[in-house]
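Please read them with the model open beside you.

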Amino acid sequence: MESKNIFSEGGIILTIILILIPVIVASIIVIAKAYATINLYFKRKELEKFNNYIKELTPEEIAKLEQRKRELEFSLSNKELSGETNPVDGKGLIENISPADSIRFVQQKKKGQPRPNIEPELTKLILWYLGCSVFWLLFGTTVGEYLGIKFVAPDADHLSWLSFGRLRPVHTNAVFWGWASLAMIGLAYYVIPRVSNVPIANIKTGYRSLVLINASVIIGSICLMAGINNGGGEYREYIFPVMALFGTGVIISLINFIKTISKRTTREIYVSNWYIISAMMFLLVIALVAYIPNWQNGLGETIVQGYYMHQGVGMWFMLFNLGLMYYFLPQQLNKPIYSYSLGILAFWAQIIFYTLIGTHHFIFSAIPWWLQTVAIVGSVGMVIPVVAGTTNFLLTFKGSWNKLSGSYTLPFYLIGIVFYFTGSLQGTAEAFRFTNLIWHFTDFTVAHSHLTMYGIISFMLWGFIYTIVPRLTGKEPPQITVGAHFWLALIGLLFYTFPLMYGSTLRGLMWIDGKPFIESVQLMFPFWLWRAIGGTLMWFSHILFAYNFYVMVKRKVEIIIPTSAIEILKAKKELENQTTTN
């Protein structure tokens with residue numbers, strides 16, 4: 001049999017290109033670091049020469065510097081021309097001037113204020129969680145980018161480890177359990193001690209949880225690439241031992257959080273902790289239901305799959321992020337949440353209705369008709385928590401909309417809230433029997449899942465991360481790249497979802513009309529092209545986000561050589577003090 005050169009495969013070439021991009025970027029970073037190190041070395045040599053110059057200053061030179069210092073510190077009394085009368089700008093010609101140091105092509109946003117009294121060890125733990133989550137976002141969406149390309153070029157490769165069936169769960173599970181889950185838990189390690197007004201119970205437990213969750217995603221991804229999986233269960237493709245690692249990590253963090261809340265100095269448990277703790281408890285219940293095999297035979301497996309798939313999104317990611325929003329939004333706007341009662345109403349309504357809706361993915365299936373009807377009723381009931389939560393958030397914005405234009409974090413919050421309303425209610429619309437008949441088994445569900453998991457969860461998490469990290473490190477991200485991240489992610493999401501929803505509607509109608517299946521595949525080609533374009537924009541936005549995160553956490557030593565007389569004398573005094581101390 002003639003051996004085939006794998007490098008002639010389009011998929012291999014695309015994979016190599018995707019790998020080379022971070023390699024090239026890493027090489028540029030290494031070169032820049034080397035240049036900075038060399039530059040730092042020469043700066044230190046120059047500083048040594050300057051210190052020797054200071055030590056050898058003669059009394060005459062010091063006298064000249066003192067004289068120059070007095071000259072530089074001289075200031076007018078501001079009464080030379082006006083006399084004793086206070087100056088008055090009656091027509092506001094001066095006070096209304098808005099000075100600008102330079103021409104600005106990007107509107108300057110307000111910077112975050114450093115947060116006092118954050119334990120250094122806790123800061124380090126939170127940054128580790130967020131750093132790992134950023135890595136999994138890049139990894140997972142790079143796989144997703146390749147999958148999007150395969151929709152346009154389905155013959156790109158013919159290798160099993162690059163097949164869609166293996167790569168798709170690698171993509172979804174990496175962004176679910178790696179990106180979103182680690183980011184949420186890391187942010188919870190900040191929020192729970194703040195609203196409880198006590199230190200976190202145990203820092204080391206947080207690191208153990210971090211290791212276990214990362215290990216589960218690494219081992220799970222390798223297993224999926226090797227073809228070792230849990231069968232056809234969507235979002236539960238990880239085999240039981242792998243998911244057990246993840247569950248153990250969540251359990252020990254849950255215990256850590258409960259211990260912290262039990263020692264709170266506040267009388268009430270703030271609503272954020274209600275949401276966060278409940279989300280972690282629900283995740284454990286959901287995972288046990290999904291992986292215990294006793295009732296997973298035939299239709300029972302289908303019902304369990306619907307329960308797990310939807311509860312994972314709604315009772316883990318959504319519930320957790322809403323809890324974070326109830327802390328960060330009031331804190332960013334510097335005002336209390338509009339209504340605590342609306343928050344509690346949304347909390348209990350979500351628990352009542354969301355736990356019923358899993359089987360709306362199996363309308364017109366063989367499961368009992370009454371169970372399908374219950375799922376539809378529960379989907380309609382979800383209007384209550386969604387409207388209550390959205391109203392609560394938007395009314396919290398009331399009177400503070402002016403802050404939106406001056407903030408680079410609040411736009412992420414607002415887009416997350418908007419998609420929370422539109423994406424959630426779109427799920428309600430999909431549950432009805434007629435719309436389900438058209439849209440189910442088409443790419444409409446793919447568009448919907450991205451509107452929710454990406455439009456809600458990711459945008460909220462980005463807003464929270466851009467809020468918290470500068471307060472922990474004291475370093476702001478470049479506002480132009482934050483803006484580019486926001487717009488690329490938003491435009492990419494719209495390019496991704498809207499064409500898919502339109503094309504999938506046409507495709508579903510073709511199926512109802514009895515048209516050949518292959519015609520519907522040909523119909524979707526231009527819409528899959530838009531999917532690839534939108535996914536590429538989203539992927540580029542994640543690279544910018546990773547860069548922004550790096551800027552916020554990097555440590556940079558900058559050497560400044562004094563030039564003015566005041567700075568030179570100040571440096572001489574500090575050097576003499578160091579010499580005396582040593």
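In which helix do phenylalanine 50 and tyrosine 53 both lie, and how many residues apart are they?

1. Both residues belong to helix H1 (residues 10-55), three residues apart, about one turn of the helix; helices here are DSSP runs of H or I with at least four residues, numbered from the N terminus. The model is a predicted one, in which local features need pLDDT of at least 70 and side-chain atom pairs count only at pLDDT 80 or more, while totals for chains, interfaces and linings use all residues. Residues are numbered from 1 along each chain as its sequence is written, and side-chain values use heavy atoms, with hydrogens and water left out.

2. A search of the whole structure finds 48 aromatic pairs, a pair being rings of Phe, Tyr or Trp (its six-membered ring) with centres within 6.5 Å, called stacked if the planes are under 30 degrees apart, edge-to-face if over 60 and tilted for the rest. The rings of phenylalanine 50 and tyrosine 53 have centres 6.3 Å apart and planes at 45°, so this pair is tilted. Phenylalanine 50 is buried, with a relative accessible area of 11%, whereas tyrosine 53, at 39%, is partly exposed (buried means under 20% relative accessible area, exposed over 50% and partly exposed in between, with a 1.4 Å probe and protein chains only).

3. In helix H15 (residues 444-473), phenylalanine 459 and tryptophan 462 are likewise placed three residues apart, about one turn of the helix. Their ring centres are 5.3 Å apart and their planes stand at 70°, so the pair is edge-to-face. Phenylalanine 459 is buried at 0% relative accessibility, and tryptophan 462 is also buried at 0%. Ring pairs link both residues into a cluster whose members include Trp179, Tyr408, Tyr466 and Phe545.

4. A charged group also meets a ring: the charged end of arginine 194 sits over the ring of tyrosine 190, 5.4 Å from its centre. The criterion is NZ of Lys or CZ of Arg within 6 Å of the ring centre and within 35 degrees of the ring normal.

5. Helix H16 (479-512) and helix H17 (517-553) each supply at least two residues of a nonpolar patch, and H16 gives the largest share, five residues. Tryptophan 530 has its place in helix H17 and, with a relative accessible area of 38%, is partly exposed.
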